[in-house]
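I looked up each item in turn and recorded what I found.

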Amino acid sequence: MSRRSSFANDLILCPWWVSTVLALISWVVLRGIIPAIQLASPFFRALAPAAATIAPLVAIFFLALSVISAIRSWRNRAVVEKQTGLDSLRSLPWKNFEDLLAEAYRRQGYRVEERLGGGPDGGVDLVLGRDRMVTLVQCKRWRGKPVSVQTVRELFGVLHDRHADGAKLVATTRFTSEATAFAAGKPIELVDQDALLSLIRDVQTSGRMRVPIEPESDHLAPACPQCSAAMILRTARRGRNAGAKFWGCPNYPKCRGTRTL
């Protein structure tokens, strides 16, 4: 189901000065232009008293939206600057996480289309525009479990249905190897937890984001199929595969995820 939109919501999502300009225009039209031309038309003669009465209300309405827009913009900028790592990102309410990504991509030079309210909008949380290219963004503020191939397939379907140029799937976890394989060669960018940390760090001015430096070998290690942690190379000590190498979860015995070489 699509999230509801309205004229007021659209103005809140615009820069604050848009509503301020509309407040000024409405005041000039209702208090200046309409009374000035009331003698030229019976319609404007009847409208002039009402226009003068509602002018302050209309101007206050637009100015209130301007204030809300400014506060929302300031809050989103502050949220970006406060982030320090995965824990802080995962602790955000889902809507704040979505707003944070909107601000991050805006700082990268994208035009960002977003919505107020709750619930997904057909599998799309943000729409990015740049160089006449339209990119859909889906946000996954998850803990632990990796993003499955089914989620990537669904986004690929939405990409075709909306005739977009590309898509980004942004997650606070990793992606399964099947999901990565499915996205290969398709106009879908998988932004896992490491890429997300780098994204926020690059657009921050506070420098508070800490991106862990992993050993070079970690970049070759697959993600655990159960908890998405970067796996480590182990040697089987018993059983029919004793002496054989395999990928094991670093969180063993809490997590018993394994992968064969």
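**Entry 1: a parallel pair.** I began with strand β4, residues 166–171, in this predicted model. I found that β4 pairs with β5 in the parallel sense, over four bridges. Within this pair, I noted Ala167 opposite Ile188 of β5.

**Entry 2: the sheet around this pair.** I then looked up the sheet as a whole. It is an open sheet of five strands in the order β1-β2-β3-β4-β5, and its pairing is mixed. I asked myself why one side of β1 and of β5 is left without a neighbour in the sheet. The reason I recorded is that β1 (111–113) and β5 (188–191) stand at the edges, so each has a single partner strand. From one strand to the next, the twist averages 20°.

**Entry 3: a helix across the sheet.** Next I located helix α6, which spans residues 149–161. I saw that α6 lies across β3 (133–140), β4 and β5. Relative to β4, helix α6 runs at about 150°.

**Entry 4: a second sheet.** I reminded myself that strands of a sheet pair through backbone hydrogen bonds, either parallel or antiparallel. Which sense applies to the open sheet with the order β6-β7-β8? I found that the pairing of these three strands is antiparallel. Here β6 (232–235) and β8 (258–260) are the edge strands, each with a single partner, and therefore one side of each has no neighbour in the sheet. Neighbouring strands of this sheet are turned against each other by 40° on average, direction ignored.

Entry 5: I listed the bridges strand by strand. Strands β6 and β7 run antiparallel and are joined by four bridges; Arg234 has Phe246 in β7 as its bridge partner. Strand β7, residues 245–248, pairs with β8 over three bridges, also in the antiparallel sense. In β8, I found Arg259 opposite Trp247 and Thr258 opposite Gly248.

**Entry 6: a loop residue.** Finally, I turned to Ala223, which is found in the loop between α8 (193–203) and β6. Is Ala223 buried or exposed? Its relative accessibility is 15%, and buried means under 20%, so Ala223 counts as buried. Leaving out residues up to four places away in sequence, I recorded that Ala223 touches Arg174, Phe175, Ser228, Ala229, Met231 and Arg259. I also noted that Ala223 and Ser177 are 46 residues apart along the chain, while their C-alpha atoms are separated by 7.7 Å.

Conventions
Residues are numbered from 1 along each chain as its sequence is written. This is a predicted model: local features need pLDDT of at least 70, side-chain atom pairs count only at pLDDT 80 or more; totals for chains, interfaces and linings use all residues. Side-chain values use heavy atoms; hydrogens and water are left out. Two strands pair if DSSP finds at least two bridges between them. Helices (H or I, at least four residues) and strands (E, at least two) are DSSP runs, numbered from the N terminus. Axes are lines fitted to C-alpha atoms, for helices over the stretch in contact, and angles run from 0 to 180 degrees between N-to-C directions. Contact means heavy atoms within 4.5 Å. Buried means under 20% relative accessible area, exposed over 50%, partly exposed in between (1.4 Å probe, protein chains only).
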